[in-house]
Amino acid sequence: MFTTALIAGDNVILHALAKLNLLDKVPVVFIDTFTLFPETLAHLKEVEAYYGFKSIVYHAADCKDVNEYYEKYGRDYWSQDIDKYDYLCKVEPMNRALKEQNSDSWINGRRRDHGAERAALPVWEGKKLNPLAFWSFEDCWSYLRKHNVPYHPLHDVGFSSLGDMHSTKKVDPKIWFTYGGERSGRFQNLVNKDGSAKTECGIHTEITKELTLNNK
């Protein structure tokens with residue numbers, strides 16, 4: 001299966017899967033945290049129509065939609081306990097997707113030039129496949145432009161990467177293509193319990209550890 005957040009590298013992979021006629025064989029999974037930019041959800045519909053596929057959307061298990069999420073948890077649940085929010089809206093839905101799709105490989109768009117925990121990322125990571133591990137952000141944009149690939153509209157107004165609205169900011173274009181520059185606008189004002197700056201939500205850390213151990 002392939003998980004997408006609809007950022008530049010993910011759209012490279014999506015286009016490649018379409019070119020290889022694999023979108024009817026590889027499930028495309030999208031995690032809706034209920035705090036995403038409206039433009040992200042609109043772009044999902046755009047690429048579904050463009051490539052002719054239907055993504056499988058996962059979200060908090062006990063909420064049928066964003067309105068129920070607001071009723072149960074409020075609009076700022078993330079600010080009350082970021083770890084509980086990450087588990088409810090990201091980690092548990094991803095675990096559920098992995099279990100239900102029961103895929104022999106999890107394709108994703110992480111790269112080494114994202115920096116931080118991803119600096120030494122291998123192409124194969126247990127059952128996870130990181131096909132762009134050795135690509136740069138500039139490589140991704142070269143591909144998008146060369147093949148006229150649809151990309152997230154918020155890239156055009158200064159967002160180098162896209163995540164939750166409450167923790168994502170625009171990034172100076174001068175540093176977009178520097179090491180770690182793409183994700184420098186993510187996880188703004190968020191810290192881990194040990195006080196360190198937050199750079200991951202748990203989807204690509206705790207779940208990866210579990211997959212790696214289970215694959216040994």
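Lys64, Glu68 and Lys72 are joined to one another in a network of salt bridges, a salt bridge being a side-chain nitrogen of Lys or Arg within 4 Å of a carboxyl oxygen of Asp or Glu. The model is a predicted one, in which local features need pLDDT of at least 70 and side-chain atom pairs count only at pLDDT 80 or more, whereas totals for chains, interfaces and linings use all residues. Residues are numbered from 1 along each chain as its sequence is written, and side-chain values use heavy atoms, with hydrogens and water left out.

Lysine 72 and glutamate 68 both belong to helix α3 (residues 66-73), where they are four residues apart, about one turn of the helix; helices (H or I, at least four residues) and strands (E, at least two) are DSSP runs, numbered from the N terminus. Glutamate 68 counts as buried at 18% relative accessibility, lysine 72 as partly exposed at 43% and lysine 64 as exposed at 63%, where buried means under 20% relative accessible area, exposed over 50% and partly exposed in between (1.4 Å probe, protein chains only). The structure as a whole holds ten salt bridges.

## The pair of arginine 111 and aspartate 113

Another of the salt bridges joins the side chains of aspartate 113 and arginine 111, with 2.8 Å from N to O. The two side chains are also listed as making a polar contact at 2.8 Å, a term that covers a pair of N or O atoms within 3.5 Å; within protein, one atom must be able to donate a hydrogen and the other to accept it, and residues adjacent in sequence count only if both atoms are side-chain atoms. Both partners are buried, arginine 111 with a relative accessible area of 0% and aspartate 113 with one of 16%.

Aspartate 113 sits in the loop between β4 and β5 (124-125). When its neighbours within four places in sequence are left aside, aspartate 113 is in contact (heavy atoms within 4.5 Å) with Trp135, Ser136, Phe137, Tyr179 and Gly180.

## Nonpolar cores

The largest nonpolar core has 27 residues, of which Phe2, Leu14, Leu23, Tyr51 and Phe53 touch the most other members; such a core is a set of buried Ala, Val, Leu, Ile, Met, Phe, Trp, Tyr and Cys residues joined through side-chain atoms within 4.5 Å. Two or more residues of this core come from each of α1, β2, α2 (38-51) and α6 (137-146). Leucine 14, apart from its neighbours within four places in sequence, is in contact with Phe2, Leu23, Val28, Val47, Tyr51 and Phe53.

## A nonpolar patch on the surface

In soluble globular proteins, nonpolar side chains tend to be buried together. Here, however, Val123, Trp124 and Phe134 form a nonpolar patch on the surface, and together they have about 340 Å² of accessible area. Patches are built from residues with over 30% relative accessible area and no salt bridge, like charges being joined within 9 Å and nonpolar side chains (Val, Leu, Ile, Met, Phe, Trp, Tyr) within 5 Å, while the areas come from the Shrake-Rupley method with a 1.4 Å probe, and for residues only the protein chains shown count as cover. Tryptophan 124, found in strand β5, counts as exposed at 53% relative accessibility.

## Histidine 155

Histidine 155 is placed in the loop between α6 and α7 (206-214) and counts as buried, at 4% relative accessibility. Its side chain reaches the backbone nitrogen of alanine 8 at 3.5 Å. Leaving out neighbours within four places in sequence, the residues in contact with histidine 155 are Ile7, Ala8, Trp141, Ser160, Ser161, Leu162 and Trp176.

## Two asparagines with positive phi

Most residues other than glycine have a negative phi. Asparagine 21, although not a glycine, has a positive phi of about 55°; asparagine 21 lies in the loop between α1 (8-19) and β2 (28-31) and is exposed, with a relative accessible area of 57%. Asparagine 102 likewise has a positive phi, near 50°, and is located in the loop between α5 (82-101) and β4 (106-107), where asparagine 102 counts as exposed at 63% relative accessibility.
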